[in-house]
Amino acid sequence: MEFKRIKIVYFSPTKATKKVLENIAKGIGIDEVVDYNLTHSKEISQTIETFNDEIVIIGAPVYAGRLPVVAVERFKQLKANNTLAIFVVVYGNRAFEDALLELKNLVIDLGFTPFAGAAFVAEHSYSTDELPIAAGRPDSMDIEDTKKFALKIKEKIKNLVTSQTQIDLEIPGDFPYKDAMPPNTVAPVVNENLCVECGMCIDICPTGAILESMETDASLCIRCCACVKNCPDAARVIEDIGWKAMGARLNANCSARKKPEIFL
């Protein structure tokens, strides 16, 4: 089969998932790429038409072995008519556990046909200069892996007779899924000596958790750390002892490089 257009749909607070999906799309080599960024509520007010005769790459990060609840809520606005879907999760070098299976089942519920799946690695949201966790990933080696994955998809597309073909992919994970992250009670805080109130953290927060005062509503925070990683003045910091301890454990136990896993 031949397709003239590919669409990428993602929830990507730190832009790592977006980077992975963009490189997969580039490797497949279809000229027209349409981008649907569901990371911020202000970007999903547009009406998204039903997906039909096209290929869609849909992706999200992994939080504690599951998809972020807010990402699932936003993906549920999508509708498809037996559209081929490449589903991708991006995790911080620990484990993706039930997240990829959860995404596969979600795309089926939305009307997509799961065509290929993958789990790629990116810098963990808790990674810091002092306690790096997959720092800098996806790196050049990961990008090469996205190209290899894309070439396999391209070959599979070429041999496809119809987009209505049912494809059975065995994806690791358990159902019922493991428990999602519990409600949050802590969030990054502001170093008032460094903060110049530029408002970047407000703009970049995917859940609108950061108030005009620069304080954070912890009940809305999903610990994506987009505000910490993108503050131009390093004024957003993690001070919670438990959060820091988790980062230290991940640094100690998840330093061995994990490779992407693909399912075709």
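In which helix is D145 found? In this predicted model, D145 is found in helix α4. With a relative accessible area of 24%, D145 is partly exposed. D145 and F75 are 70 residues apart in sequence, and their C-alpha atoms are 26 Å apart in space.

Helix α4 covers residues 140-158, which makes 19 residues. From its first C-alpha to its last, α4 reaches 27 Å, close to the 27 Å expected at 1.5 Å a residue. The buried residues of α4 are D142, I143, T146, F149, A150, I153, K156 and I157. Seen down the axis of the helix, the buried residues of α4 fall within an arc of 130 degrees, so they line one face. On the other side of α4, the residues S140, M141, K148, L151 and K158 are exposed.

P138 is found in the loop between β5 (112-121) and α4. M181 counts as partly exposed, at 35% relative accessibility. Along the chain M181 and M246 are 65 residues apart, and their C-alpha atoms are separated by 14 Å.

Positive phi values in residues other than glycine were found at R223 and A234. For R223, phi is near 60 degrees. R223 sits in the loop between α5 (200-204) and α6 (226-230), and counts as buried because its relative accessibility is 19%, below the cut-off of 20%. For A234, phi is near 55 degrees. A234 is placed in the loop between α6 and β7 (236-237) and is partly exposed, with a relative accessible area of 47%.

The largest pocket has a volume of about 530 Å³. It is lined by 32 residues, of which V62, Y63, A64, H124 and S125 are the closest to its centre. The elements that give two or more residues to this lining are α1 (16-28), β4 (83-91) and α7 (241-253). The largest share comes from α7, with 4 residues. By residue type, the lining of the largest pocket divides into 18 nonpolar, 9 polar and 5 charged residues.

The second largest pocket holds about 350 Å³ of space. Its lining has 17 residues, and the closest to its centre are V69, M181, P182, C221 and I222. This lining of the second largest pocket divides into 12 nonpolar, 2 polar and 3 charged residues.

The cysteines were searched for disulfides. A disulfide is a covalent bond between the sulfur atoms of two cysteines. A search of the whole structure finds 0 disulfides. For C221, the nearest cysteine sulfur is that of C227, 6.6 Å away, whereas a disulfide needs two sulfur atoms within 2.5 Å. C221 therefore is in no disulfide. At 11% relative accessibility, C221 counts as buried. C231 is in no disulfide either, and the nearest cysteine sulfur to it, that of C198, is 5.9 Å away. At 19% relative accessibility, C231 also counts as buried.

Note on methods:
Residues are numbered from 1 along each chain as its sequence is written. This is a predicted model: local features need pLDDT of at least 70, side-chain atom pairs count only at pLDDT 80 or more; totals for chains, interfaces and linings use all residues. Side-chain values use heavy atoms; hydrogens and water are left out. Buried means under 20% relative accessible area, exposed over 50%, partly exposed in between (1.4 Å probe, protein chains only). On a 1 Å grid over the protein atoms alone, a cavity is a set of points where a 1.4 Å probe fits but cannot get out, and a pocket is an open set with protein on both sides within 12 Å along at least five of seven lines; lining residues have an atom within 4 Å of a point. Grid points are joined across faces, edges and corners, and a volume is the space filled by probe spheres set on the points. Ala, Val, Leu, Ile, Met, Phe, Trp, Tyr, Cys and Pro count as nonpolar, Asp, Glu, Lys and Arg as charged, and the others, Gly among them, as polar. The expected span of a helix is 1.5 Å times one less than its number of residues. The arc is that of the directions from the helix axis to the C-beta atoms.
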